[in-house]
Amino acid sequence: MREIIFDTETTGLDSREDRIIEIGGIELLNRFPTGRTFHHYINPQGRQIHPDAQAVHGISAEDLVGKPGFAEIADEFMGFFEGARLVAHNASFDINFINAELGRIGQPPVAPDLVVDTLALAKRKHPMGPNSLDALCRRYGIDNSHRTKHGALLDSELLAEVYIELIGGKQAALVLDTAVKTGVEQVRAETTEVKISARPSPLPPRLSEAERAAHAALVESMGEKALWLQAADRSAS
């Protein structure tokens with residue numbers, strides 16, 4: 001299964017008017033990073049960056065001078081993202097922006113059934129929260145000390161580790177990896193055949209004579225219909 005863990009940074013919060021200015025993505029194949037990444041800074045085509053947004057991601061208009069517009073990186077974007085399950089934190093925000101950008105260049109939107117929201121996963125797994133990306137990194141012992149500002153590629157790398165923890169993928173991957181390395185034939189080759197045979201002499205009884213006498217007295221007190229007497233009769237016959 002191919003998955004892309006991704007994040008976007010934008011000029012503001014309104015996907016109808018604001019624009020994407022950074023996209024980062026990490027490719028996972030069967031829950032393991034492949035080493036393939038996608039990352040671009042994008043010129044917002046004249047849209048101003050809201051001061052509150054800039055305070056979060058630290059990207060200024062000057063940083064984007066000379067960067068390509070979304071239309072210029074669209075083919076590369078679709079080539080990397082197409083056919084994969086898309087995973088993001090608070091995914092509706094990112095997908096709304098991506099679909100708005102795709103709509104501007106006449107491309108169809110991303111289908112909702114291809115999207116996994118790690119925020120929703122975290123809320124189900126940890127209903128008492130907090131479930132921000134930073135909080136989840138702390139919960140799972142993931143080093144995010146270098147995250148002084150939001151950045152699409154860095155956040156994607158951190159989210160990939162969080163996502164694996166949320167779905168229990170490390171444990172599942174470990175079991176799968178062990179099974180593949182071991183293999184059925186290797187198990188058979190290393191298995192020692194065990195033969196079961198009768199003992200040369202019976203083990204000595206562990207009941208004392210006093211215990212035997214006490215048991216016999218108990219059975220006698222139960223009368224002729226005692227189960228132990230019936231069992232003894234069947235054994236004798």
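Biologist: Is Glu-101 buried or exposed?
Modeller: Glu-101 is buried, with a relative accessible area of 2%. Buried means under 20% relative accessible area, exposed means over 50%, and partly exposed is in between, using a 1.4 Å probe and protein chains only. Keep in mind that this is a predicted model, where local features need pLDDT of at least 70, side-chain atom pairs count only at pLDDT 80 or more, and totals for chains, interfaces and linings use all residues. Residues are numbered from 1 along each chain as its sequence is written, and side-chain values use heavy atoms, with hydrogens and water left out.

Biologist: Thanks! Which side chains meet Glu-101 in a salt bridge?
Modeller: Arg-19 is one of them, at 3.1 Å from N to O. Arg-104 also meets Glu-101 in a salt bridge, at 3.3 Å. The term stands for a side-chain nitrogen of Lys or Arg within 4 Å of a carboxyl oxygen of Asp or Glu.

Biologist: Where do Arg-104 and Glu-101 lie?
Modeller: Both are in helix H3, 3 residues apart, which is about one turn of the helix. Helices (H or I, at least four residues) and strands (E, at least two) are DSSP runs, numbered from the N terminus. Arg-104 has 36% relative accessibility, so it counts as partly exposed.

Biologist: And what about Arg-19, buried or exposed?
Modeller: Arg-19 is buried, and Glu-101 is too. The side chains of these two form the salt bridge of 3.1 Å. Arg-19 lies in the loop between strand S1 (2-10) and strand S2 (20-29), while Glu-101 is in helix H3 (residues 91-104), so the pair ties together parts that are 82 residues apart in sequence.

Biologist: How many salt bridges does the structure hold?
Modeller: There are 8. Another one joins Asp-14 and Arg-16, with the closest N and O atoms 3.1 Å apart. Asp-14 is partly exposed at 25%, and Arg-16 counts as exposed at 67% relative accessibility. You will also find Arg-2, Glu-27 and Arg-36 linked in a network of salt bridges.

Biologist: Switching to strands: where is Glu-3?
Modeller: Glu-3 is in strand S1. Its relative accessibility is 0%, so Glu-3 counts as buried.

Biologist: What joins the side chains of Glu-3 and Tyr-163?
Modeller: A polar contact of 2.5 Å. That means a pair of N or O atoms within 3.5 Å; within protein, one must be able to donate a hydrogen and the other to accept it, and residues adjacent in sequence count only if both atoms are side-chain atoms.

Biologist: Which other residues does Glu-3 touch?
Modeller: Not counting residues up to four places away in sequence, they include Ile-26, Leu-28, Arg-31, Ala-84 and Val-87. Contact here means heavy atoms within 4.5 Å.

Biologist: What is the bridge partner of Glu-3 in S4?
Modeller: Arg-85. S1 and S4 pair in the parallel sense over 3 bridges; two strands pair if DSSP finds at least two bridges between them. S4 is also joined to S5 by 3 bridges, and those strands run parallel. In that pairing, Val-87 has Val-116 in S5 as its bridge partner.

Biologist: In what sense do S2 and S3 pair?
Modeller: They pair in the antiparallel sense, over 7 bridges. S2 and S3 form a hairpin with 2 residues between them, and Asn-30 in the turn has a positive phi of about 55°. Ile-26 has Thr-37 in S3 as its bridge partner.

Biologist: Now helix H4. Which of its residues are buried?
Modeller: Thr-118, Leu-119 and Ala-122 are the buried residues of H4 (residues 118-125). They cover an arc of only 105° around the axis, which puts them on the same side of H4. The arc is that of the directions from the helix axis to the C-beta atoms.

Biologist: What covers them?
Modeller: The cover includes strand S4 (85-88), strand S5 (115-117), helix H5 (133-139) and helix H6 (152-166). At the start of H4, a side-chain oxygen of Asp-117 also reaches to within 2.9 Å of the backbone nitrogen of Leu-119.

Biologist: Last one: how many helices and strands does the protein have?
Modeller: It has 10 helices and 5 strands. Of its 237 residues, 36% count as buried.
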